[in-house]
Amino acid sequence: MHIHRYERIWMIFGLAMLIIFMATIFVAAFADNINPPHGSQTIDPAKVATTAPFDHPGLHRNADGTYDAYYIAEVFQFAPSKLTVPVGSTVTFFVTSSDVVHGFEIAQTDVNVMAIPGWVNTASHTFKKAGTYLLVCNEYCGIGHQNMFGSIEVK
Ligand code: CUA
């Protein structure tokens, strides 16, 4: 059987496209499970309370004047439940969970990350206005979900 040269090129081209297509489908289907969420670090959820810096949750001042705030979410509270930061502060929140998936949303800001066991998620915010900011869990996490909140006082 004679196959024309151009026909052969088209067959190879078609096969190559099929392979690329299937590889794309495969990556799209499984990559989310293989790769961590962007900007995340891993942590052993069973050892959160003894893993630095989460063994001392709360506010840590950096040399450049910004702050890091380490939070543990667990049924049905945040540690720390209350945080006080000076007005004008830029705070980077590091959030993890020691049990199930929780939400970590600070009202009146764009801070909204998930607290996922095994992962540390981060978000930053500059608190330009004084006041009390409500911290809420916005992922259903069980019977006490609606009572899971904290506050950040900016003064
Ligand atoms: Cu924690 Cu909802």
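The model is predicted. The chain holds one helix and 11 strands. Buried residues account for 34% of its 155 residues.

**Layout**
- Take the contacts between residues at least 6 apart in sequence: 59% of them join residues at least 24 apart.
- The chain exposes about 9,800 Å². Carbon and sulfur atoms supply 61% of that area.

**Nonpolar cores**
- The largest nonpolar core has 24 residues. Among those with the most contacts inside it are Tyr71, Phe93, Phe127 and Ile152.
- Several strands each supply at least two residues of this core, including strand 5 (82–85), strand 6 (90–97) and strand 8 (112–115).
- Which strand gives the largest share of this core? Strand 3 does, with four residues.
- A second, separate core has seven residues, including Ile43, Val48, Phe54 and Tyr70.

**Isoleucine 152**
- Isoleucine 152 is in contact with Tyr71, Phe93, Ile106 and Phe127, among others, leaving aside its neighbours within four places in sequence.
- Its contacts also include Leu83, Val85 and Tyr133.

**Strand pairing**
- Strand 10 pairs with strand 7 in the antiparallel sense, over two bridges. Here isoleucine 106 has leucine 135 of strand 10 as its bridge partner.
- Strand 10 also runs antiparallel to strand 11, and six bridges join them. In this pairing, valine 136 stands opposite phenylalanine 149 of strand 11.

How values were computed: Residues numbered from 1 in each chain as written. Predicted model: local features only at pLDDT ≥ 70, side-chain atom pairs only at ≥ 80, totals over all residues. Heavy atoms only, no water. Core = buried A, V, L, I, M, F, W, Y, C linked by side-chain atoms within 4.5 Å. Buried < 20%, exposed > 50% of the residue type's maximum accessible area, 1.4 Å probe, protein only. Contact = heavy atoms within 4.5 Å. Pairing = 2+ DSSP bridges. Areas by Shrake-Rupley, 256 points an atom, 1.4 Å probe, with all protein chains shown as cover.
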